[in-house]
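Trainee: Please take me through this model feature by feature, and tell me how each term is to be read before you apply it.

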Amino acid sequence: MPSLLLTIFILQLTIHLINTVGATAIDELLWTIYNTLPTPTRSAVQDSKTLRAEAVRLRKEMTATSSQDEFAKWAKLRRGHDKAVAKYDDNANALKTHRQTFTRITTTLRYLGTNGLRLLLQFYFAKTPLFWIPNGWVPNYAAFLLAFPRAPRGS
């Protein structure tokens with residue numbers, strides 16, 4: 001088993017890296033990886049991309065068509081665009097619910113894996129000294145304060 005000091009150092013380094021990179025960036029990466037695996041939301045994400053592309057394509061065609069000169073064609077494109085946007089919105093709302101659940105779970109696991117583990121180590125090893133101060137380097141009252149609240153005197 002690695003030393004307690006090394007374990008605490010690695011844990012603090014991990015917490016610092018997560019805080020530096022940002023939790024949202026890590027969540028985005030995990031969501032992307034999750035959707036590349038064969039999961040229930042994978043097909044919904046692919047459908048969402050195709051529905052969005054279809055809505056954008058219809059919008060471009062609609063803006064390229066004159067609403068006064070070619071009204072029938074423009075109205076048909078408008079109805080198709082409205083249907084595509086409605087389908088996309090329904091799909092996006094369903095994905096948003098899955099995404100929120102995924103984010104909540106990853107946030108909980110990240111907290112338990114970093115800060116929860118740190119708190120557990122602090123509680124479990126509260127009376128274990130990480131290093132010892134040689135006798136006579138500091139006065140007795142300073143040694144007492146350095147060992148405060150539960151560490152043995154001189155540590």
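Mentor: Begin with accessibility: a residue is buried under 20% relative accessible area, exposed over 50%, and partly exposed in between, computed with a 1.4 Å probe on protein chains only. The model is predicted, so that local features need pLDDT of at least 70 and side-chain atom pairs count only at pLDDT 80 or more, while totals for chains, interfaces and linings use all residues. Residues are numbered from 1 along each chain as its sequence is written, and side-chain values use heavy atoms, with hydrogens and water left out.

Trainee: Where does Glu61 lie, and is Glu61 buried or partly exposed?

Mentor: Helices are DSSP runs of H or I of at least four residues, numbered from the N terminus. Glu61 belongs to helix 3, and Glu61 counts as partly exposed because its relative accessibility is 31%. Between Glu61 and Glu28 there are 33 Å in space, C-alpha to C-alpha, for a separation of 33 residues in sequence.

Trainee: At what angle do helix 2 and helix 3 pack?

Mentor: Each axis is a line fitted to C-alpha atoms, for helices over the stretch in contact, and angles run from 0 to 180 degrees between N-to-C directions. Helix 2, residues 23-36, packs against helix 3, residues 40-64, at an angle of about 100 degrees, and their axes are 7 Å apart. The two helices are therefore roughly perpendicular, a label that covers 65 to 115 degrees.

Trainee: Which residues make the contact between helix 2 and helix 3?

Mentor: Contact here means heavy atoms within 4.5 Å. Helix 2 contributes Trp31, Tyr34, Asn35 and Thr36, and helix 3 contributes Pro40, Thr41, Arg42 and Val45. By class, the residues of this contact are 4 nonpolar, 3 polar and 1 charged, where Ala, Val, Leu, Ile, Met, Phe, Trp, Tyr, Cys and Pro count as nonpolar, Asp, Glu, Lys and Arg as charged, and the others, Gly among them, as polar.

Trainee: Which residues make up the largest nonpolar core?

Mentor: A nonpolar core is a set of buried Ala, Val, Leu, Ile, Met, Phe, Trp, Tyr and Cys residues joined through side-chain atoms within 4.5 Å. In this model the largest one has 5 residues in all, namely Ala55, Leu58, Met62, Leu77 and Ala84. Ala84, with residues up to four places away in sequence not counted, touches Glu54, Ala55 and Leu58.

Trainee: Is Asp27 buried or exposed, and which side chain joins that of Asp27 in a polar contact?

Mentor: A polar contact is a pair of N or O atoms within 3.5 Å, of which, within protein, one must be able to donate a hydrogen and the other to accept it, and residues adjacent in sequence count only if both atoms are side-chain atoms. Asp27, placed in helix 2, is buried because its relative accessible area is 8%. Its side chain forms a polar contact of 3.2 Å with that of Thr106. Setting aside residues up to four places away in sequence, Asp27 touches Phe102, Thr103, Thr106, Thr107 and Arg110.

Trainee: Where does Val138 lie?

Mentor: Val138 is in the loop between helix 4 and helix 5, which covers 140-147, and is partly exposed at 30% relative accessibility. Leaving aside neighbours within four places in sequence, Val138 contacts Ile133, Ala143 and Leu146.

How values were computed
Angles under 35 degrees count as roughly parallel, over 145 as roughly antiparallel, 65 to 115 as roughly perpendicular and the rest as oblique.
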